[in-house]
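Welcome! Open your viewer, get ready to select a few pieces in turn, and follow along.

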Amino acid sequence: MYSDDEIKERLGKYGAVYLPDDIKESIDDIIGNEEIKERLEDFFGALKKYETIVEKLKKSKLTPNLTVLLYGPPGTGKTSLTRAFSKLYGIPICVVESDRLVSPLLGDTIKNIRNVVELAADIANENGSFLLFFDEIDAIGSERSNIHEVGEIKRAVISFLQVIDKVNYDAIPLAIFGATNHQHQLDSAIWRRFTFHLKFDFPDYNLRKLIIESFLNKMKEAQIGVDDSIISGLNDELKIFQTISKELKKKIGREITEFDGAVFRKELAEKGINGILQLTIGYSGSDIERGTRVALFKTFTTELLTYDIFYKSLKLVGGTAIHVGRQDFLSSSQPDINRTKDSGSDLSMPPEI
Ligand SMILES: Nc1ncnc2c1ncn2[C@@H]1O[C@H](COP(=O)(O)OP(=O)(O)OP(=O)(O)O)[C@@H](O)[C@H]1O
Ligand SMILES: [Mg+2]
């Protein structure tokens, strides 16, 4: 049995180790994503009971394969939600920055990958379940990896696949998670190795409203005055968004979202909408959180969060969709409802496999 300190000492050089008690997030802090949460509940439930499950399946040659890939834009809750589940189920987690495993020295990448998985597998065998989370997993064997030699990339991918297969084959209670913002560039053999593919995305207007309200509630809990005009403004704006959704569906014959090119935004502009819900199209949960933090600084002097302060703070931080060049979030003068799924740089599509 490894002590907490031993776990941190062994894995610390590869990434950040979080013991359940160290984790602050709870599942309810990450709003929405209900389907993902359901899948993760099944997964973590099984991980907790892994020994009995494996015993049952022994004769059938079926093993559950404890692998989950989380993909989608930055700041949409991939790491936080995983940590929250780790806490809830009492499973320690090590978050590895995959590009720290990648070395320009021939053979070192492979050695690092093997070491980190073997160390984690050893801990899982001794202590019960453990979770190894490879952040930016596309750094291992993709066009954007730092490895320059093609043969070396292939060897790194193969070695990664081999260690995962070995963990599964030996029925070790080690969950392997991968997260990426660049799923198109992820090696397809790695993509296929994961049992679950969970897609995160930018929140729609309904979800943004809930996320914003949850941060406002946190402000109120901290005894910071929040002007009523913010909530009433959000409610009024929501009604207009809903009306536009309904009208567009009637007019075009299918669901049109804010993310379907410029159509929705043209309607917003025609209705003269320039409120917080409109501003935050293409914002991640993390962008909204940063905007709230900026606003928090302002309230230290004004003692009241007004609509205007909140709007300006959110505007100041800007939305991630613009940074990552998501075409479907950028305004264009042409309504492009006929845009096909694979035009532009739609991050939501898995790689070709
Ligand atoms: N749906 C959401 N509800 C509430 N808060 C959210 C939501 N999504 C993101 N956040 C906030 O953003 C923070 C950062 O999210 P997190 O680091 O988990 O994103 P990520 O998807 O792992 O990003 P990256 O790809 O950059 O690693 C969270 O701690 C949370 O405060
Ligand atoms: Mg993350």
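Start with the strands: 6 of them form an open sheet in the order β1-β3-β4-β5-β2-β6, with mixed pairing. (Helices, H or I of at least four residues, and strands, E of at least two, are DSSP runs numbered from the N terminus; two strands pair if DSSP finds at least two bridges between them.) This is a predicted model, where local features need pLDDT of at least 70, side-chain atom pairs count only at pLDDT 80 or more, and totals for chains, interfaces and linings use all residues. Residues are numbered from 1 along each chain as its sequence is written, while chains are lettered from A and ligands numbered from 1 in the order in which they are written.

Select β1 (15–18) and β6 (196–199) at the edges: each has a single partner strand, so one side of each is left without a neighbour in the sheet. On average, neighbouring strands here are turned by 20 degrees against each other, direction ignored.

Next, pick β3 (residues 93–97) and β4 (residues 130–135), which pair in the parallel sense over 5 bridges. Valine 96 stands opposite phenylalanine 134 in β4. (Axes are lines fitted to C-alpha atoms, for helices over the stretch in contact, and angles run from 0 to 180 degrees between N-to-C directions; residues are in contact if their C-beta atoms, placed from the backbone, lie within 7 Å.)

Where does ligand 1 lie? Domain 1 (4–199) and domain 2 (205–329) both give residues to the shell around ligand 1, so it lies between them; the domain bounds come from an automatic or database assignment. Of the 20 residues around ligand 1 (C-beta atom, placed from the backbone, within 6 Å), Pro74, Thr79, Ser80, Gly285 and Ser286 come nearest. The elements giving two or more residues to this shell are α4 (78–89) and α13 (285–302).
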